[in-house]
Amino acid sequence: MSFRWIIQGINLALFLFLLGAAIKGSAGWPVDLYLRMDPVLVFSTFISGRVLLWAFLPALIVFAATPILGRVFCSHFCPMGTTLEFLRKLRPWRRSNNPSFKRLSAAKYLVLAFILGGSFLGISWVFIASPLSLITRFYGLFIYPLLALLGQGGLLLLRPLVERWDWNALLFTSVTVPRFFTQIFVLAFFLALFILEGLFPRFWCRTLCPAGALLALFSRRPLFRRKVSEGCTECGKCVRACPTAAIAEDDPRSSHSEECIVCLTCERICPEKAVLFSIGPSKREKRPEPFVLERRQFLLGGAVGFLTAAAGLTDPKGPRGKGKAGEVLTAGLLRPPGSLPEKEFLARCVRCGECVTACPTHVLQPIWFEAGFIGLFSPKTLPQVGYCDPLCRRCAQVCPTGAITLLSPEDRLWVKMGTAVIHKEKCLAWERKKGCMVCDEVCPYKAVEFRFQEGNPVAVPEVHEERCSGCGYCEFYCPVKPDAAITVSPNGAVRLAKGSYAETAQKMGLHLSLKQAPSLPLPEMKPGAPGRAPGFD
Amino acid sequence: MTKMDMNRRDFLKVQLAGAVSAFLAPGLLLTGRAAAQSAPPDLAVVTGSPGPATRAAVDLLGGIKQFVRPGQRVVIKPNMSFSTPPERASNTHPEVVRELVILCQEAGASSILVVDHTLHRPENCLENSGIRAACNAVVKNCVQAVNDPSLFSEVKIPQGRRMNSTEVMKAVLQSDVLIAAPVAKSHSSTGVSLSMKGMMGLVYDRRTMHFKDIHTCVVDLCTVLKAQLTVIDATRVLSTGGPGGPGTVLPGRMVIASRDMVAADAYTVAQFEWYEQKFRPAQVAHIRQAHERGLGRMDIENLKIKKITV
């Protein structure tokens with residue numbers, strides 16, 4: 001086992017540990033660290049979101065290191081690269097020839113140009129190919145539910161034994177299997193990638209990865225690079241072993257530094273010990289023609305990204321102008337609490353799925369095309385699946401780019417994601433005259449009140465819109481299924497780019513006060529008819 | 001299910017034996033005065049702080065040994081469905097539940113479980129209700145939220161009028177003794193939520209019960225889930241805004257215990273004001289129906305009630 005494998009293993013383990021910490025909600029860990037190391041994710045978000053955040057520091061360090069050390073990020077740190085490489089070890093076949101994909105290798109620059117082209121228009125395409133966004137989704141949206149499913153099965157198998165021993169701690173342990181939309185995309189994408197990786201080593205990294213392309217631009221001639229001494233017999237062993245085909249086929253002495261990921265395989269396997277990675281120039285060094293795209297092609301790729309983004313802006317479901325407080329969004333599109341106004345939100349959101357993975361109630365779900373195709377895979381709250389706890393800020397805590405603002409716990413309570421609406425024609429109390437009031441029972445705010453209605457023996461619920469945060473408890477618990485008799489509409493949602501939610505909401509006349517903290521004086525309730533208490537005859 | 005039947009049969013036997021001895025005892029063994037003292041009341045009402053009042057109320061009914069025999073498996077069903085602190089009165093007071101756990105332990109129960117199918121997130125409910133901390137200190141891991149569908153199994157309700165079957169916690173089906181330990185609180189669809197309504201915390205699908213007329217469904221449920229001992233925590237009473245609150249919390253300062261769920265519930269309804277009004281037990285549909293269907297007695301004026309202060 002080489003030194004590099006150990007470093008890779010540690011990095012992948014740390015990446016997974018941090019993802020686990022995000023799921024568990026352990027405070028204090030920089031759970032999004034690896035996402036913030038992704039060069040293309042950060043650079044594209046810097047342009048599309050027009051922001052420079054301290055959170056981007058890890059990627060800046062990667063950028064700064066590349067002209068010195070070359071693409072060590074790709075070979076040692078990137079969890080995507082490591083995952084692909086590890087899985088390659090498991091392939092059931094052995095292939096020896098490794099085509100150089102000379103022309104195809106340039107494709108990654110096109111992908112990069114496409115992403116950056118969109119960024120200039122404030123549209124984020126980074127999610128289509130950012131390695132960290134993709135690998136986070138792979139582990140978060142696909143592997144995590146899979147493991148939960150296996151864990152659940154395991155617990156069920158153990159249960160007879162546990163029951164026999166009255167081992168309560170384990171007997172009542174249950175695993176909730178999270179269910180995420182778009183997981184089929186993740187599966188299909190990675191299946192294709194794994195097959196390609198099985199056929200050609202580092203296929204993704206050298207032909208498609210825009211982060212690799214970006215780093216390649218910085219590693220045309222890194223300080224630390226490959227040198228070949230007199231001892232070289234041109235046996236060609238290194239040419240065949242190089243995973244990125246960075247060594248010229250006709251001349252093993254020269255290599256493409258921008259393609260080289262500094263895995264040091266050539267140094268390790270050279271029978272003559274003639275290959276050495278070191279700092280500084282070498283007399284005999286020759287540089288072959290680079291694989292890089294011509295400027296014209298690069299600009300063309302950028303133009304396509306730009307125009308696609310422009311088309312995205314004309315999508316009827318896309319954001320219009322600068323989102324402002326009270327703007328009506330697409331029906332059913334409830335964004336996570338504290339999300340920036342829609343346009344800024346989409347410019348910043350990299351669709352890594354970290355918030356979706358970490359959401360403790362799994363109310364957050366990635367969407368398909370509900371917000372237009374520029375909103376693909378962005379998160380929304382789906383009250384049918386769960387509710388949004390007003391005391392929880394997990395999604396904002398794990399968001400790598402601040403698309404969801406991390407508010408103070410106090411300010412968080414004042415976030416209005418939408419408004420609950422009662423559909424009287426479906427409501428058990430209103431329509432069927434049956435005692436229910438579950439919505440009132442579960443509302444964490446004081447937004448649902450009962451009242452008595454002429455000719456109805458049971459109390460009926462009523463939503464006070466100014467007290468409703470759109471958290472979705474009522475919709476989730478409503479006994480009318482599958483389409484609840486009370487649903488949350490994005491109407492009235494407040495989304496701020498800056499400033500205090502509490503102040504804004506109070507100025508708008510909202511009274512978002514939790515039941516458990518009756519700190520804010522509420523306007524007088526309308527009294528029920530005298531002599532009536534709900535549920536009594 | 002067979003086990004459940006057996007338990008119920010056992011329970012009936014015990015009750016029958018009790019009734020026979022109560023009938024025979026005065027004439028055969030004891031003087032009239034002694035009999036009056038020894039025959040336990042139908043309702044025990046104890047004013048005092050939560051823990052001691054609980055113990056005293058159970059003692060008035062003849063002591064915990066009347067209900068729990070050595071080696072038996074006990075399930076205690078408190079209210080701990082809301083992530084709220086004890087003073088909100090939407091959950092049973094932790095000290096009431098703890099005292100019951102201690103009593104069962106003293107009686108030699110082989111297994112003691114404190115369970116509820118929580119509405120809010122289990123972790124938060126167990127933590128904020130204070131019940132886990134209070135009871136787990138007595139019996140390790142005895143407090144559990146039971147929300148996973150695999151922990152429930154189907155039970156037929158032969159006497160059901162609106163429900164023919166439902167999924168009940170396996171832990172309850174495998175137990176010998178069920179103790180209802182609800183808090184006294186109002187409920188926006190069933191008037192009050194006491195021991196009978198509390199049985200809904202032992203079933204998986206409560207959603208459909210709302211569809212099928214919740215009062216009748218609660219009674220249907222109580223035909224199969226009969227607590228042998230009911231201890232109502234009325235140390236605080238959530239008079240308005242129930243079941244979750246916040247609402248007016250009355251200082252009830254008492255614990256009401258009975259072998260009869262209906263009687264305990266009926267007494268609690270009559271004892272306190274709900275939404276600033278007095279109600280008769282018959283005004284709560286599920287209590288009235290339970291009485292009519294012979295599950296227990298709501299005519300508290302005809303029952304033997306023993307009240308003390310500790």
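Predicted model: local features only at pLDDT ≥ 70, side-chain atom pairs only at ≥ 80, totals over all residues.
A residue is called buried here if 20 or more other C-beta atoms lie within 10 Å of its own. By that rule, the buried residues of helix 11 of chain A are A:Pro210, A:Ala211, A:Gly212, A:Ala213, A:Leu214, A:Leu215 and A:Ala216.

**Chain A as a whole**

- The secondary structure of chain A consists of 21 helices and eight strands, and its C-alpha atoms fill a box of roughly 105 × 65 × 35 Å when this is taken along the principal axes.
- Chain A has 537 residues, of which 50% count as buried.
- If one takes the contacts in chain A with a separation of 6 or more, 76% of them are accounted for by residues 24 or more positions apart.

**Buried helices in chain A**

- Helix 11 of chain A covers residues 210-218, and because seven of its nine residues are buried, this helix is largely enclosed by the rest of the structure.
- The cover over the buried residues of helix 11 of chain A includes helix 2, helix 3 (57-69), helix 4 (72-77), helix 6, helix 7 and helix 10 (203-207) of chain A.
- In helix 5 of chain A, which spans residues 79-89, the buried residues are A:Pro79, A:Met80, A:Gly81, A:Thr82, A:Thr83, A:Leu84 and A:Glu85.
- These buried residues of helix 5 of chain A pack against helix 1, helix 4, helix 7, helix 9 (183-199) and helix 10 of chain A.

**A helix pair in chain A**

- Two packed helices are described by the angle between their axes and the distance between the axes.
- For helix 6 (residues 107-119) and helix 14 (residues 295-313) of chain A, the axes come within 6 Å and cross at roughly 40°, and the two helices are therefore oblique to each other.
- The crossing in which helix 6 of chain A passes helix 14 of chain A is right-handed.
- On the side of helix 6 of chain A, the residues that meet helix 14 of chain A include A:Tyr109, A:Leu110, A:Ala113 and A:Phe114, while among their counterparts in helix 14 of chain A are A:Gln297, A:Phe298, A:Gly301 and A:Gly302.
- Sorted by class, this contact of helix 6 with helix 14 of chain A has eleven nonpolar residues, seven polar residues and no charged residues.

**The two domains of chain A**

- Chain A is divided into domain 1, made of the stretches 3-89, 100-144 and 182-220, and domain 2, which runs over 342-507.
- The C-alpha centres of domain 1 and domain 2 of chain A lie 33 Å apart, and the contact takes 28 residues from domain 1 and 24 residues from domain 2.
- On the side of domain 1 of chain A that touches domain 2 of chain A, at least two residues each are supplied by helix 1 (3-24), helix 2 (39-48) and helix 7 (131-164) of chain A, and the largest share, seven residues, comes from helix 7 of chain A.
- The residues on that side of domain 1 of chain A divide into 14 nonpolar, eleven polar and three charged.

**Where chain A touches chain B**

- The contact of the two chains takes 28 residues from chain A and 32 residues from chain B.
- On the side of chain A that touches chain B, the elements that give two or more residues are helix 8 (168-171) and helix 19 (438-442) of chain A, and helix 19 of chain A provides the largest share, with four residues.
- By class, this side of chain A has 15 nonpolar, six polar and seven charged residues.

**Details of chain B**

- B:Pro246 lies in the loop between strand 10 (229-238) and strand 11 (249-250) of chain B, and this residue is buried, with 20 other C-beta atoms within 10 Å.
- Although B:Pro246 and B:Glu87 are 159 residues apart in sequence, they are 10.0 Å apart in space, C-alpha to C-alpha.
- Helix 11 (residues 261-271) and helix 12 (residues 285-292) of chain B pack at an angle of about 140° with their axes 10 Å apart, which makes helix 11 of chain B oblique to helix 12 of chain B.
- The crossing of helix 11 and helix 12 of chain B is left-handed.
- In this pair, B:Val262, B:Asp265, B:Ala266 and B:Val269 in helix 11 of chain B meet B:Ile287, B:Ala290 and B:His291 in helix 12 of chain B, and the residues of the contact divide into five nonpolar, one polar and one charged.

Definitions and conventions
Residues numbered from 1 in each chain as written. Chains lettered and ligands numbered in written order. Axes fitted to C-alpha atoms, helices over the stretch in contact; angles between N-to-C directions. Parallel < 35°, antiparallel > 145°, perpendicular 65-115°, else oblique. Left-handed = near helix turned anticlockwise from the far one by under 90°. Contact = placed C-beta atoms within 7 Å. Nonpolar A, V, L, I, M, F, W, Y, C, P; charged D, E, K, R; others polar. Domains from an automatic or database assignment. Buried ≥ 20, exposed ≤ 12 C-beta atoms within 10 Å, placed from the backbone.
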